[in-house]
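Colleague: Before we discuss this protein, could you show it to me?

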Amino acid sequence: MADKVSDHKHCPVCGKSMNAENRFCSEECEKGLAGQRKRQQRTMWIFMGILVLFMLLIYILPGQTGCLGTAPKP
Ligand SMILES: [Zn+2]
């Protein structure tokens, strides 16, 4: 019953129905997904950088105030 549905697929980019052997309906869609992935990866790296920076800031800030608090007063 459901085996007639399995011989066709939908393009992951534009959603058009296509042959199940193909990964994308056209070369344009394949290129589009590759560009999207690259952009996603770059966004992820920027996010990771911000996260590391933020963690460093959290790690450094209390240390500085702690140093000031324990510094001997004249
Ligand atoms: Zn497509």
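This is a predicted model: local features need pLDDT of at least 70, side-chain atom pairs count only at pLDDT 80 or more; totals for chains, interfaces and linings use all residues.

Modeller: Leaving aside residues up to four places away in sequence, Met 18 touches His 8, Lys 9, Cys 11 and Cys 25, where contact means that the C-beta atoms of two residues, placed from the backbone, lie within 7 Å. Residues are numbered from 1 along each chain as its sequence is written.

Colleague: Why is Met 18 called partly exposed?

Modeller: Met 18 has 17 other C-beta atoms within 10 Å, whereas a buried residue needs 20 or more and an exposed one has 12 or fewer, with partly exposed in between; Met 18 is therefore partly exposed.

Colleague: What makes up the elements of the protein, and in which order do they run?

Modeller: There are one helix and two strands, running β-β-α from the N terminus, where helices (H or I, at least four residues) and strands (E, at least two) are DSSP runs numbered from the N terminus. Met 18 lies in strand 2.
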